[in-house]
Amino acid sequence: MRRHQTRTAYTFLLVPLVFYLIVRFLPTLSALRLSLFDWNILKEQQPFVGTENYQRLFADEKFGQALRNTALYTVIGVPAQIALGLIVALLLNKIRALRGVFRALYFAPYVTPIVAAAWVWQWLFSPQFGPVNTFLIWLHITPQNFLNSPDQALATTAALVVWQNLGFQIVLFLAGLSAIPRSYYEAAEIDGANGTQAFWKITWPLLNPTIVFSVVTGTISYLQLFTQVVNLNFTDQGGPLGSTTTVALYIYQMAFGRFQMGYASAITVVLFLIILAITLFQLRFLTRRYDL
């Protein structure tokens with residue numbers, strides 16, 4: 001009977017495994033194969049070029065710029081959304097009345113279609129009639145060209161992504177906070193610990209699994225950033241002057257703008273290796289085990 005149950009369990013597990021191999025593993029191998037060819041859908045011949053596509057990356061200034069932009073998005077966005085999410089979650093965890101309402105309000109941007117949110121954000125920061133610049137004029141401050149300035153466009157885009165992901169971070173941290181036994185705080189209070197000491201000695205260590213999950217998933221999300229960048233400045237995707245171009249957007253431009261599928265696949269493989277390396281590094285050095 002037990003052996004039959006084990007076979008049944010493995011049979012059900014086989015279905016998602018096969019699905020994963022088909023939709024994830026095989027396309028990855030296909031991209032690796034394409035990266036070794038000069039694969040252009042407009043050409044009759046698709047010659048084998050070996051590692052030429054990868055060598056081309058080192059001399060491609062636009063790829064270097066996209067890689068730097070992606071790194072900036074990650075460095076700005078991940079710490080910001082985690083810090084803000086934790087602060088708001090701590091505040092919401094202290095209230096009882098209307099907690100569900102506040103949670104829904106914060107979570108609403110996360111379930112809002114990205115395209116719609118980007119277009120609303122574009123209206124908010126419009127230099128002609130946007131509410132943000134109208135408010136600046138009311139304060140006698142010079143209106144800013146947030147979306148069309150190479151110095152401000154990346155930060156404005158990062159702010160959109162942080163705003164949209166904040167609700168998800170809040171829900172994560174609220175779940176992590178609810179899993180911490182109340183008796184720990186009561187014992188700390190009896191021992192004379194104040195709120196700050198309780199946070200660093202109890203809350204922060206026990207939130208480590210939540211923080212690690214948030215950092216890893218947030219980093220992967222920012223390294224693959226695409227939709228917000230495309231829709232926030234639809235007439236100049238990745239602009240101005242490439243200041244908001246990400247690696248994912250550059251892959252799209254190479255593959256479907258210039259039809260250089262081989263080169264785009266090489267960039268895809270490099271991005272995959274970067275994400276894999278960073279994820280393994282984060283899991284290795286951020287995960288902690290605490291004994292209270």
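This report walks through a predicted model of a protein, from its overall layout to a few of its residues.

## The overall layout

Let us start with the whole chain. The protein contains 13 helices and zero strands, and its pattern along the sequence reads α-α-α-α-α-α-α-α-α-α-α-α-α. Its C-alpha atoms fill a box of roughly 75 × 75 × 30 Å, taken along the principal axes. Of the 292 residues, 39% are buried. If you look at contacts with a separation of 6 or more, 69% of them come from residues 24 or more positions apart.

## Aromatic rings

Across the whole structure, a search finds 14 aromatic pairs. One of them joins Tyr110 and Phe168, whose rings are stacked, with 5.0 Å from centre to centre and 15 degrees between the planes. This pair links distant parts of the chain, since Tyr110 belongs to helix 4 (residues 99–111) and Phe168 to helix 7 (residues 153–178), 58 residues apart. Tyr110 counts as partly exposed because its relative accessibility is 34%, between the limits of 20% and 50%. Phe168, with 25% relative accessibility, is partly exposed too.

Another pair brings together Phe199 and Trp204, and this one is tilted. The ring centres of Phe199 and Trp204 are 6.2 Å apart, with 50 degrees between the planes. Phe199 counts as buried because its relative accessibility is 18%, which is under the 20% limit.

## Charges over rings

In the case of Tyr263, the charged end of Arg56 sits over the ring, 3.6 Å from its centre. The ring of Phe285 has the charged end of Arg284 over it, at 5.2 Å from the ring centre.

## Where helix 9 meets helix 10

Now follow the chain to helix 9 (residues 195–206) and helix 10 (residues 208–223). These two helices pack at an angle of about 50 degrees, and their axes are 4 Å apart. The angle of helix 9 to helix 10 therefore counts as oblique. On the helix 9 side, Trp204, Pro205 and Leu206 take part in the contact, and they meet Asn208, Pro209 and Ile211 of helix 10. Sorted by type, the residues of this contact of helix 9 with helix 10 are five nonpolar, one polar and no charged. Trp204 is a residue we have already visited, as the ring partner of Phe199.

## Two loop residues with positive phi

Most residues other than glycine have a negative phi. Leu241 has a phi near 55 degrees, a positive value in a residue that is not glycine. You can find Leu241 in the loop between helix 11 (227–232) and helix 12 (247–257). Leu241 counts as exposed because its relative accessibility of 73% is over 50%.

Phe259 also has a positive phi, about 60 degrees, although it is not a glycine. Its place is in the loop between helix 12 and helix 13 (261–286). Phe259 is partly exposed, with a relative accessible area of 27%.

Thr70 lies in helix 3 (residues 61–93), and it is buried, with a relative accessible area of 2%. Apart from neighbours within four places in sequence, Thr70 is in contact with Tyr222, Leu223, Thr246 and Val247.

Ile278 is part of helix 13 and counts as partly exposed at 28% relative accessibility. Leaving out residues up to four places away in sequence, Ile278 touches Thr219 and Leu223.

The table gives a C-alpha to C-alpha distance for each of them.

| Residue pair | Separation along the chain | C-alpha to C-alpha distance |
|---|---|---|
| Thr70 and Met261 | 191 residues | 21 Å |
| Ile278 and Ala188 | 90 residues | 36 Å |

Terms used. Residues are numbered from 1 along each chain as its sequence is written. This is a predicted model: local features need pLDDT of at least 70, side-chain atom pairs count only at pLDDT 80 or more; totals for chains, interfaces and linings use all residues. Side-chain values use heavy atoms; hydrogens and water are left out. Rings of Phe, Tyr and Trp (its six-membered ring) pair if their centres lie within 6.5 Å; planes under 30 degrees apart count as stacked, over 60 as edge-to-face and the rest as tilted. Buried means under 20% relative accessible area, exposed over 50%, partly exposed in between (1.4 Å probe, protein chains only). A charge sits over a ring if NZ of Lys or CZ of Arg is within 6 Å of the ring centre and within 35 degrees of the ring normal. Axes are lines fitted to C-alpha atoms, for helices over the stretch in contact, and angles run from 0 to 180 degrees between N-to-C directions. Angles under 35 degrees count as roughly parallel, over 145 as roughly antiparallel, 65 to 115 as roughly perpendicular and the rest as oblique. Contact means heavy atoms within 4.5 Å. Ala, Val, Leu, Ile, Met, Phe, Trp, Tyr, Cys and Pro count as nonpolar, Asp, Glu, Lys and Arg as charged, and the others, Gly among them, as polar.
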